[in-house]
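Please read the following report alongside the sequence and the model shown here.

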Number of protein chains: 2
Amino acid sequence: MAQSKQIGKQSIQFAHPPFIRGAASVVGKKEGEGPYGKYFDVIEEDPMLGQDSWEGAEGTLQEKAAKLAIEHSGCQKSDIRYIVAGDLLGQLMASSFGLITLELPMFGVYGACSTMGESLAVASMIAEGGFADNVLALTSSHFASAEKQFRFPLGYANQRNKSSTWTVTGSGAVVVSAASDIAEEDTPEKSLPKSAVEERNKVHIVGITTGKIIDFGVKDSMNMGACMAPAAGDVIVQHFKDFGHSPEQYDKIITGDLGLVGKDILIDIVRAKGYDISENYMDCGIEIYGEEQNVQSGGSGCGCSATMLTGYVLKMLESRQWKRVLFVPTGAMLSQVSFNEGNSVPGIAHAVLLERR
Amino acid sequence: MAQSKQIGKQSIQFAHPPFIRGAASVVGKKEGEGPYGKYFDVIEEDPMLGQDSWEGAEGTLQEKAAKLAIEHSGCQKSDIRYIVAGDLLGQLMASSFGLITLELPMFGVYGACSTMGESLAVASMIAEGGFADNVLALTSSHFASAEKQFRFPLGYANQRNKSSTWTVTGSGAVVVSAASDIAEEDTPEKSLPKSAVEERNKVHIVGITTGKIIDFGVKDSMNMGACMAPAAGDVIVQHFKDFGHSPEQYDKIITGDLGLVGKDILIDIVRAKGYDISENYMDCGIEIYGEEQNVQSGGSGCGCSATMLTGYVLKMLESRQWKRVLFVPTGAMLSQVSFNEGNSVPGIAHAVLLERR
């Protein structure tokens with residue numbers, strides 16, 4: 001059996017690419033009113049989701065997305081061997097409390113807003129390494145729990161900078177499954193069982209490029225795009241080098257939440273390294289809200305890239321409108337304490353190569 | 001090539017067990033004064049480690065442990081493909097800032113004080129799955145940063161409960177490496193190259209049993225042993241079932257930081273399921289400080305199990321005084337916010353099966 005390849009400095013090319021068997025997106029009211037509202041599975045009108053705290057509300061977002069992704073995958077809960085989950089809150093409060101009812105072995109992960117990239121990478125390695133048939137990977141964010149955690153309580157009604165972003169209320173979850181031998185062989189479709197045909201038609205995780213923490217010394221927590229753009233640029237350029245690819249071989253190169261300020265910085269950084277991504281670049285944070293929604297530089301949070309992936313990106317791939325996407329959630333390594341202590345805000349980004357055959 | 005086995009509900013038995021190529025422990029003054037002081041690699045007299053914040057000090061613990069583990073493994077930094085690291089602080093502040101200078105692809109993980117079990121599990125799967133030759137797995141805690149994060153600032157000088165634990169100042173790091181074919185074959189030792197002989201003599205990670213989040217509804221953040229014991233009991237019993245083992249087949253069954261209160265609860269819980277671990281049970285939190293050190297129920301924190309593993313447990317295995325150990329770091333899923341909001345403190349524990357051939 002062919003073995004996965006460690007290619008270049010930071011990438012893996014999977015010999016037997018795992019696939020996304022099922023996915024789900026659960027978002028808040030504001031996200032539902034945005035231009036991608038029709039793509040999301042569930043729009044929650046109540047920002048508290050029936051809970052009595054913002055953190056509880058965010059946990060409920062994860063729980064709902066997890067259960068719906070399992071349902072969409074056609075799996076039972078007992079078919080899932082691991083959860084790989086995380087969020088922005090201290091001690092991963094949303095995942096720690098929201099996913100208890102699933103009663104499944106769990107790996108908590110944290111990569112700030114890049115967490116969906118990390119959870120997909122870890123889940124893919126677990127599935128492809130033969131350690132699980134099905135792994136649930138998910139993350140979330142919530143506008144109110146994030147403001148409380150990182151900025152000011154909502155009641156304080158502070159003014160927002162032009163470079164500041166709006167944390168997405170939402171959770172995206174996927175079931176990542178190991179490839180089956182039969183779907184991978186050259187057997188013509190008509191001789192295949194239905195499950196193998198379905199598997200072939202799913203989105204496959206063909207490779208990953210894992211990011212480093214990169215610190216350009218930016219200290220402005222209201223300008224996270226500038227903090228994250230160098231990390232995104234680094235991992236995207238490394239991905240091209242490791243795979244020997246060029247930008248035009250991708251239908252889309254999609255970052256998590258650089259926003260309008262970070263976008264320009266990223267395109268410049270990548271161009272300086274000899275790659276032009278301006279033609280097929282997209283940022284989930286810029287896309288998720290409409291101009292009239294008054295969100296300054298765009299959306300942010302783990303839930304931003306996670307819901308855009310599960311709501312929109314996977315559908316564009318499954319319908320073959322896109323065939324190859326580099327999905328690059330971006331994170332700003334910021335805590336209230338580190339910020340108050342005058343530290344800079346380093347960034348990290350994790351790239352996941354998604355393909356529809 | 002043989003494939004790793006998913007055994008039972010929650011375990012993996014590695015076909016080609018990865019091994020711990022090198023390890024390092026860096027602890028604070030109090031830990032150095034305890035009964036295991038002579039086993040630790042570095043004892044830091046300055047609790048600030050030359051930094052200007054407790055969080056910075058903890059990050060420096062990780063940085064020092066990481067670099068020393070790499071040195072002990074005989075690797076260069078460039079031989080390490082991934083870091084798997086985490087800590088107790090919000091947004092993994094110690095790992096996020098402490099490990100920047102390593103400039104390596106990083107997966108941040110969080111399992112409260114069970115994090116060393118999680119980072120070892122993820123690192124083993126990455127190495128055994130063929131995704132890396134060498135993975136650095138580490139974690140840390142610091143008494144002062146933890147008190148500030150979870151309880152009261154030190155200057156407040158609050159009284160300590162009898163059931164409360166003392167967060168260990170320390171970091172433990174290991175380099176987990178993929179097995180080489182040559183060391184695994186039946187070749188007699190005299191015909192083997194030196195590196196393969198060394199590899200055989202290292203501690204191998206033979207399997208893992210991954211824990212679920214378990215909530216018994218305990219709400220006392222000063223009694224974390226009681227919060228974590230049910231999760232530890234659950235994963236230990238599941239480990240025995242999945243592997244078909246019984247307690248007497250282990251030289252030691254070692255939990256992270258249940259302390260004196262949690263120990264009794266754990267032994268009772270496991271006994272109620274038909275297994276008696278009282279004869280070969282050990283808790284890092286009970287061991288790490290002496291009775292005269294006034295630490296109430298014992299030591300705790302990610303750094304507790306991590307430094308006891310890298311300082312003491314691995315040495316007992318390498319010298320063949322022990323041959324098989326079940327290492328079970330234990331975590332209490334507690335945040336300042338969740339506690340203040342009146343939530344219970346769920347637990348999680350991750351078991352790692354260590355063997356010396």
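## Leucines and a domain contact

L49(A) counts as buried because 20 C-beta neighbours lie inside 10 Å, where a residue is called buried if 20 or more other C-beta atoms lie within 10 Å of its own, exposed if 12 or fewer, and partly exposed in between, with C-beta atoms placed from the backbone. This is a predicted model, in which local features need pLDDT of at least 70 and side-chain atom pairs count only at pLDDT 80 or more, while totals for chains, interfaces and linings use all residues. Residues are numbered from 1 along each chain as its sequence is written, and chains are lettered from A and ligands numbered from 1 in the order in which they are written.

L49(A) is found in the loop that runs between β4 (42–44) and α2 (54–73) of chain A; helices (H or I, at least four residues) and strands (E, at least two) are DSSP runs, numbered from the N terminus. Although L49(A) is not a glycine, its phi is positive, at about 45°. Most residues other than glycine have a negative phi.

In chain B, L92(B) occupies the loop between β5 (82–87) and α3 (93–98), and L92(B), which is not a glycine, has a positive phi of about 45°. L266(B), by contrast, lies in helix α9 (residues 259–272) of chain B.

| Residue | Other C-beta atoms within 10 Å |
|---|---|
| L92(B) | 31 atoms, buried |

Leaving aside neighbours within four places in sequence, L266(B) is in contact with A229(B), A232(B), G233(B), T255(B) and L258(B), contact being counted when the C-beta atoms of two residues, placed from the backbone, lie within 7 Å. V135(B) stands 131 residues from L266(B) along the chain, and their C-alpha atoms are separated by 32 Å.

For chain A, the domain assignment gives domain 1 (18–177) and domain 2 (204–356), with bounds that come from an automatic or database domain assignment. The C-alpha centres of these two domains of chain A lie 18 Å apart, and their contact takes 50 residues from domain 1 and 54 residues from domain 2. On the side of domain 1 of chain A that touches domain 2, the elements giving two or more residues include β3 (19–28), α1 (29–33) and β7 (134–141), and α4(A) gives the most, with seven residues.
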